[in-house]
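Please open the model in your viewer and keep a selection tool at hand. The tour below moves from stop to stop, saying what to select and what is found there.

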Amino acid sequence: MPGPRRDRPAVLLLLGALLAADLYFHLWPRARRELGRVPPGCPCPAPLPRAAPALLLLFAHRLYRAAAPGPAEPLLGAREALRYYRRKAARWNRRHKLFRQELNLSAPALPLRPEAGWLRFQLGISRDGLYPRSSPAVSRLLRDLRDLPTIGADYSQDEKALLGACDCSQVVKPSGVHLKLVLRFQDFGKAMFKPMRQKREEETPENFFYFVDFQRHNAEIAAFHLDRILDFRRVPPTVGRLINVTKEILEVTKNEVLQSVFFVSPASNVCFFAKCPYMCKTEYAVCGSPHLLEGSLSAFLPSLNLAPRLSIPNPWIRSYSFDGKEEWEVNPLYCNTVREIYPYSNSNRLLNIVDMAIFDFLIGNMDRHHYEMFTKFGDDGFLLHLDNARGFGRHSHDEISILAPLSQCCVIKRTTLLRLQLLAQPEYRLSDVMRESLLQDPLAPVLTEPHLLALDRRLQLILQAVGKCIDTFGEATVVANDTRQPQSPAVHRAKLDT
């Protein structure tokens, strides 16, 4: 009878070591990411509490608890919206069933649930903003965008229009080059996905023109948090997420063009790129690691069939050429001209433009060529602060020209000014509340420390600009009640040039 093998203990030790290595280097990091939402390679501490003291202190302040003057006028009628989306869901189920049957796969129907987070968010939009100050629907929506599986992926509508129609001679590249996708989730909600194109610690090169800058996923996330802290509530809820580009995009899309742009890189990472003639190159692709890719998910607004929107050129639009300048860049009295144009002559529109300029200056966004509004709310409706991905590019530079609407018109809402002054106080410091707010995102840290500190510096520059206006024209002329447009004689505008 043969004796025991002498190499058996060595084999068992080797197998044990391999198992321990697999647990430590593969299974444990995956479990940490799933349970603690820690990005790959991030030596982060345990997740912090969801609500931080400074943020709670800010939102408990009377400026953030003031009641609106009257009941909020809703954007949508609940019955009409439910009827419309039920038809859309039924149509999607029919098409999905046919698609799955062609592949010999089962296709269970997915119901539209009235309690879905995205639907509650859309029904909560009112004349006051995209969501109430304390909205459980937004918290649920952010959680759903972070966790729910995807059931569909497609190009956005503007990118579909670009396929085969890109003009390489244009200085300004159409939005399709920035590779944004529409993802549909298990609850039938949709979100705009913008993948990571630039690392957080990288700054936009100083020689880059603003119209060829990268679009940054973390800028979209940070813009939502800043908009909420400023109490504008004009940026759709946005959250970061690690997307498995194979399982959550490639395997769920029915778009053959989108399927065709996926490939495996020499480093064995799954990548995809924009399908447009001048961008159809693998060096412009975004890649997972090997499948996981960071990105931002911005909730969709209601369908245009339910809530039509206007897209309006910004009066302070920039010149999208290498050497041209717009009138506002050379004429310090430009605001006089704007005030003579409807609706800037007799509504709150100009005050809302100034709000938007303050927001853009804080994030460093020079690309606000248009703005959108819901037609239902008329000329005094709020402006939507969409497409903020070109913000937070350079923390070392403050682009003062973004504040031109404020410095040339010398008007600001009283509530906006009071909140800016509050955020400049040490106990409510803007960088501190932003830092704590951004810790709630799964991709934290969203912004590097220099970007957070730049917010405090830019806030002081805004307050200095307002102070200069008040010194020149008086507080009664500059600081306006939110419900009326301040009257400012043209002669006052001439003082700015002296």
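Which side chain meets that of Arg-435 in a salt bridge? Select Arg-435 and then Glu-449, whose side chains meet in a salt bridge at 2.5 Å, N to O, the term meaning a side-chain nitrogen of Lys or Arg within 4 Å of a carboxyl oxygen of Asp or Glu. Arg-435 lies in helix H15 (residues 430-438) and Glu-449 in helix H16, so the pair ties together parts that are 14 residues apart in sequence; helices here are DSSP runs of H or I with at least four residues, and strands are runs of E with at least two, numbered from the N terminus. Arg-435 is partly exposed, with a relative accessible area of 26%, and Glu-449 is also partly exposed, at 37%, where buried means under 20%, exposed over 50%, and partly exposed in between (1.4 Å probe, protein chains only).

Before moving on, note that this is a predicted model, in which local features need pLDDT of at least 70 and side-chain atom pairs count only at pLDDT 80 or more, while totals for chains, interfaces and linings use all residues. Residues are numbered from 1 along each chain as its sequence is written, and side-chain values use heavy atoms, with hydrogens and water left out.

Next, select Arg-458 and Asp-398, whose side chains form a salt bridge at 2.8 Å, N to O. This pair links distant parts of the chain, 60 residues apart, with Arg-458 in helix H16 (residues 449-473) and Asp-398 in the loop between strand S10 (370-374) and helix H13 (404-409). Both Arg-458 and Asp-398 are buried.

Stay in helix H16 and select Val-466, which is buried, with a relative accessible area of 2%. If residues up to four places away in sequence are set aside, Val-466 touches Leu-406, Ile-412 and Leu-417, contact meaning heavy atoms within 4.5 Å. The C-alpha atoms of Val-466 and Ile-412 are separated by 7.9 Å, although these residues are 54 apart along the chain.

Now turn to Asp-147 and Arg-146, another salt-bridged pair, at 2.8 Å, N to O. Asp-147 is partly exposed, with a relative accessible area of 38%, whereas Arg-146 is buried, at 17%.

For the last stop, select Arg-133, Asp-231, Arg-233 and Arg-419, which are linked in a network of salt bridges. The structure as a whole holds 22 salt bridges.
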